[in-house]
Amino acid sequence: MQWIKIFDFSNPWPTTVIVWLVHGDEIVGKKSIQYLHSQIKKSSWIRWKIITLYANPKAHKIDKRFIDHDLNRAFDLAHYLESYEISRANQIKKFFQNIDIDYMFDLHSTSSKSDPMILCTSQKSSLKFASKMPIKHVIQWLIDIVEWTSLLRYFQKKIKLWMAFECWCHKDQSTIQVWKQIIDTILSFHQAEKIKKNPDQIKIQITDIVLTSDPKFKFTKAYKWFEKLKKWEIRWMDKSWKHSFKKSKILVMPNLAIKSELEKKDKVWVAYFWDIIK
Ligand SMILES: [Zn+2]
């Protein structure tokens, strides 16, 4: 499949970029994009420009997350480093150099069974559209707190609305169903159809990201995604500390692979804690 596919319709506004397979093993992205392409072919009513970006073909061919390192951390890294992902990031940057992007949707899946969630920027337009998606958890992603050199970090100044989706497991059939619903919602949105707000949605805002380099780190119990934790509850321990917060929080993503990551790096993220937005 081509890494860039442009559907340029009569009215090339708004320009929507849909990104898939940033991580090569997230194969549900492929099935969803095939669905999108088939929906586009069937439709006579789409009037706006859509670009699909197949981000990491080489990693996908060998069913690995990446070749040299995570593409979603490669967008501001030095050019002289030799890495497939850095050269991909540069190729993507170059391609979009002179293209005005209005909306960007970034499709992901996770390695463990977790509730599907939306990560979106704190722009009103992103939050408003997120509220119509058939997904329960919406996470307001504060890009300035997150230090990653991600695709979003690079493109954020150019875009009016951004959203990433993390859905269930890479190879799970139910993930594909969620993706199809997401794509249908994106298509309806662009047709200016009235889409009802999702009444079951929970909006959550980031408040803390925990990082550690302490190999003695451990969670006090096996936390689940989106687990509600009481104030003062001890969440983890390291060398000398038992950690808790003054307020109740939601643990969105406990890092389940922390031990092996600690051996590889000098600092890893442990968990994201968030507050509910009322
Ligand atoms: Zn991913």
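Is the crossing of helices α1 and α6 right-handed or left-handed? In this predicted model, local features require pLDDT of at least 70 and side-chain atom pairs count only at pLDDT 80 or more, while totals for chains, interfaces and linings use all residues. Residues are numbered from 1 along each chain as its sequence is written.

The crossing of α1 and α6 is right-handed, that is, the near helix is turned clockwise from the far one by less than a right angle. Helices (DSSP runs of H or I, at least four residues) and strands (runs of E, at least two) are numbered from the N terminus. The axes, lines fitted to C-alpha atoms over the stretch in contact, of α1 (residues 28-42) and α6 (residues 173-190) come within 9 Å and cross at roughly 40 degrees. The two helices are therefore oblique to each other; angles run from 0 to 180 degrees between N-to-C directions, and oblique covers those left after under 35 (roughly parallel), over 145 (roughly antiparallel) and 65 to 115 (roughly perpendicular). Residues in contact (C-beta atoms, placed from the backbone, within 7 Å) include Y35 of α1 and W179 of α6.

In strand β4 (residues 103-110), 8 of its 8 residues are buried, each having 20 or more other C-beta atoms within 10 Å of its own, with C-beta atoms placed from the backbone. Both faces are covered, with F105 among the residues on one side and D106 among those on the other. Strands pair if DSSP finds at least two bridges between them. Strand β2 (residues 16-20) pairs with β4 in the parallel sense over 4 bridges, and T16 stands opposite Y103. Strand β7 (residues 161-169) also runs parallel to β4, joined by 8 bridges, with E166 as the bridge partner of H108.

How values were computed:
Contact = placed C-beta atoms within 7 Å. Buried ≥ 20, exposed ≤ 12 C-beta atoms within 10 Å, placed from the backbone.
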